[in-house]
Each structure stands twice: as structure tokens, then as C-alpha cells.
Amino acid sequence: MKHSYLLDVLRSLHSAWHQVHQEHKQHQELDQIIKNETMTPYFQPIVHLASGETVGQEVLNRPKNSDIFPYVETFYDFLGKSNQVFCYERTAREKALTIYSQQTDCQEKRKTKLFLNVHPNVLEDELYKQGATRKVLEKIGLRPEQVVFEITEKQNVSDYARLKKVVDNYRSQGFRIAIDDVGSGYNSLKTILHLQPDYIKLDRSFIQDIHHSPSQQALVSLFVRYAKATGAEVIAEGIEEKAELATIRELGITFVQGYFIEHPQTSPHFPQLLPSASIASC
Ligand SMILES: [Ca+2]
Ligand SMILES: [Ca+2]
């Protein structure tokens, strides 16, 4: 009995030590990723359905694959719990903006918006407030009106009044606001009502197999009507099939994004979507 108790204690100690050691290695790896800027920005086009033109690029940052962070999700879970979110996001954003600027010609730059994923807390970062992003934008020749902050509702928001104040401050500087992943998290409707975004990005869970689901279609139609009434635009994310795209078009959604249109790539690219007739006939 005494022997097995001691074994249990030893096992617990070993497991606790292993966890501390692993976290130490993860911190070191995160420091290195930030210091050496070994994250890679990917760009995924957002297309205007009526014209077929690419009107936006969402920037997605992926860290270097390693044994310590074998999956992107593992990395972002750890980052969210660390005190390095601001630092990582700022480094990743500046790298993405520089690459975008270097690899996009002036004409495309003028007519395209850049969609940046931003943690709500990052908007309150002092450096952010002091216009760190604006300074980078000026350097590469982009106006705030060409930048959309995507705020995800995967994290629960508790103080809406405070978030609205922060968001309004950026909006007054010209930046646009999108609510991201609508339908996948906590309080989509509450967030939309409080922030009155310029864009509503519908999560793939609303879009997947929508051609087979009258109830999904009814729900998406409600968002389209709400957007029209408030001057917002709806973006359907995660389109992977022709039939999904055809249904989205029938429902009157303005913008689309997803693997069916284009996978994220390491350089900005500007595909032209098929004419509406060939999609509607699928
Ligand atoms: Ca996003
Ligand atoms: Ca999203």
C-alpha cells in the first residue's frame, strides 16, 4: 500500500516536471519565432461576387512548423495564454504588410482592402493606440481606409461598451471593422449589435452544405437582410464547392472567400471568379 502510494507521488512529480519543462521549451521557441520573424504570412483573396473581382486579401500568419508546435492550433493556443500576444501580432503584421507592399502593384493595391485578424485586446495595446500600425501603413503607401480589422468572436467579450469605444476610435481614423467567424462562437449577435461592423464574416459552419439545408439558407438570408438594413456587407467564408457558391449567390451575398475560390498563398494574388452564368448553371 505504502509502496504504491510512493509510486503515485513519483509519477505526479514526474508529470509536473515534464509539463514545466515542456512549457519552458515552448516559451523559448516562441521567443525565437518572434526574434527571428519565422512566421509566414499567407494571403487569401476575398472576391466580389457580382463582378468576380478580387477586392480584398485576408492575411493569415502561420508559425514555422516544429516538434514543439507541431500544429498551428497548438501554437495559437499557447500564444493566447502567454504574455507575448501583442509582440507576436505586431511582428507578424509588420512582416505581412511589408511583403504585401513589395509584391503587389500599385493598381491592385489601390482597389484592394487588407483584412487583418486582430485580437480585441491587441486594439487596446498602447503602441497600437499610438498609431504603430498607421506608421507602418504610411511607410508602405496604404491608407487606413484600405485596412479592415477582423475581430473574432471566438473569445468571449465581457465589456462591450469598452470594446465599442476602442473600435470607434479606430473607425474615426478610417479603419474598417469586420466581425469574424460569425456563428462559431459565443455572442455573434450581441457583438454585431454593439459594434455595428462594416463587414459580417459568416463562418464555414453556416456555409458548409448550405445547398442541402433550407434552414441554413433561411438563417443566412436573415444576415443578408440585417446587413442591407444597417449598411454592412456580408462575406461568406469557407466556400469549398460550386454548389455552395451557387446558393450563396442566390441568397444575395456580396463577397466570398474559401478554397473553392483560392487557397491561402505566400504571395498576394488576384483571381477573377468565373462569370455568374457558369456558376449558376452548376
Ligand atoms: Ca479571419
Ligand atoms: Ca474566419
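In the predicted model, helix H3 passes helix H6 in a right-handed crossing. H3 spans residues 85–103 and H6 spans residues 132–140. The two helices pack at an angle of about 15°, and their axes lie 10 Å apart. Angles under 35 degrees count as roughly parallel, so H3 is roughly parallel to H6.

Residues from both helices make the contact. H3 contributes Arg 90, Arg 93, Glu 94, Leu 97, Thr 98 and Ser 101. From H6 come Ala 132, Thr 133, Val 136 and Ile 140.

Strand S4, residues 147–152, is mostly covered. Of its 6 residues, 6 are buried. In a regular strand, side chains alternate between the two faces of the sheet. Val 147, Phe 149 and Ile 151 point one way from S4. Val 148, Glu 150 and Thr 152 point the other way. The residues of both sets are buried, Glu 150 among them.

S4 pairs with two strands, S3 and S5. Strand S3 covers residues 113–118 and pairs with S4 in the parallel sense, over 5 bridges. Within this pairing, Val 118 has Ile 151 of S4 as its bridge partner. Strand S5 covers residues 176–182. The pairing of S4 with S5 is also parallel and runs over 5 bridges. Here Phe 149 stands opposite Ile 177 of S5. Phe 149 and Ile 151, named in these pairings, point one way from S4, and both are buried.

Key: Residues numbered from 1 in each chain as written. Chains lettered and ligands numbered in written order. Predicted model: local features only at pLDDT ≥ 70, side-chain atom pairs only at ≥ 80, totals over all residues. Axes fitted to C-alpha atoms, helices over the stretch in contact; angles between N-to-C directions. Helix = DSSP H or I, 4+ residues; strand = E, 2+ residues; numbered from the N terminus. Parallel < 35°, antiparallel > 145°, perpendicular 65-115°, else oblique. Left-handed = near helix turned anticlockwise from the far one by under 90°. Contact = placed C-beta atoms within 7 Å. Buried ≥ 20, exposed ≤ 12 C-beta atoms within 10 Å, placed from the backbone. Pairing = 2+ DSSP bridges.
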